[in-house]
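Student: Before I use this structure in a calculation, could we go through it together, one question at a time?
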Amino acid sequence: MRYVWISFVALAALLVGYFAWPSRPASAPDSNGQSALPTHQVALVSSTRPVPSADSVVTFAMRQLGTNYCYAGNTPATGFDCSGFVQYVFQEFRVAMPHSTALLIAVGRPVAREQARRGDIVVFTGTASGSATPGHAGIVISGPGQPLRFIHSSSARRESGVKISQVEGTDYERRFMQVRRVL
């Protein structure tokens, strides 16, 4: 196993050296003090991206209404499960999300339910009575002070697929865990 790792490290170093090494040697400067060959310029890419607006996230999510439910699905072509839907929507805006409800409970930061706003993620337990682990998620489409409404991909026997639901007065109220702010 040690030889596999040594080979891997050697190959990685070789690839880094190949792509990082200048492809042409620098030439002597001409009479104006300029190099006859162009020098390599490195473009610095900012790792900070503009934060998408919550309205654009919700608008894009709403375009998926009616898409079929598919276990482990994360595209409109195959259908979505709940975390695949959240991942797909945020991926459109280059915001990385895990394809796992258990991991969605840790993204962003928690906010009070009363402070939930459009574009936040809402996480619920699974459907089993007494469940205490994350089992379902969606994207909030309501504003602070309004009844908590969200868009999600549901596996419900009746009306499965991407749809809008409300927390208050439904089983989602019993299952509610957290609202997470990612934008």
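Student: What is the mean pLDDT of the protein chain, and what share of its residues reach 70 or more?

Tutor: This is a predicted model, and confidence in each residue is given by pLDDT on a scale from 0 to 100. Over the protein chain the mean is 82, while the share of residues that reach 70 or more is 73%.

Student: Over which residues does pLDDT stay under 50?

Tutor: Where pLDDT is low, the predicted coordinates should not be read in detail. For the stretch in question the model has 14 contacts beyond four places in sequence, and pLDDT stays under 50 there, over residues 18-47.

Student: In what order do the elements of the protein chain run from the N terminus on?

Tutor: The protein chain has five helices and eight strands. Read from the N terminus on, these elements follow the order α-α-β-β-α-α-β-β-β-β-β-α-β.

Student: Why is strand 4 described as largely enclosed by the rest of the structure?

Tutor: A residue is called buried when its relative accessible area is under 20%. On one side of strand 4 this holds for Ile121, Val123 and Thr125, and on the other for Val122 and Phe124, which leaves both faces covered. Strand 4, residues 121-125, is therefore largely enclosed by the rest of the structure, because its buried residues number five of the five.

Student: Which strands pair with strand 4, and in what sense?

Tutor: Strand 5, residues 134-140, pairs with strand 4 over five bridges in the antiparallel sense, and within this pairing Val123 has Ala137 as its bridge partner. Strand 8, residues 176-181, is joined to strand 4 by four bridges, with Val179 standing opposite Val122. The partners include strand 5, which is antiparallel to strand 4, and strand 8, which also runs antiparallel to strand 4.

Student: How much space lies in the largest pocket, and which residues lie nearest its centre?

Tutor: The space in the largest pocket is about 410 Å³. Its lining consists of 20 residues, and those nearest the centre are Ser154, Ser155, Ala156, Tyr172 and Arg175.

Student: Which element gives the largest share of the lining of the largest pocket?

Tutor: Two or more lining residues come from each of helix 3 (82-91), strand 5, strand 6 (149-154), strand 7 (161-166) and helix 5 (171-175). The largest share is three residues, and the element that gives them is strand 7.

Note on methods. Residues are numbered from 1 along each chain as its sequence is written. This is a predicted model: local features need pLDDT of at least 70, side-chain atom pairs count only at pLDDT 80 or more; totals for chains, interfaces and linings use all residues. Side-chain values use heavy atoms; hydrogens and water are left out. Buried means under 20% relative accessible area, exposed over 50%, partly exposed in between (1.4 Å probe, protein chains only). Two strands pair if DSSP finds at least two bridges between them. pLDDT is the predictor's confidence in each residue, from 0 to 100. Contact means heavy atoms within 4.5 Å. On a 1 Å grid over the protein atoms alone, a cavity is a set of points where a 1.4 Å probe fits but cannot get out, and a pocket is an open set with protein on both sides within 12 Å along at least five of seven lines; lining residues have an atom within 4 Å of a point. Grid points are joined across faces, edges and corners, and a volume is the space filled by probe spheres set on the points.
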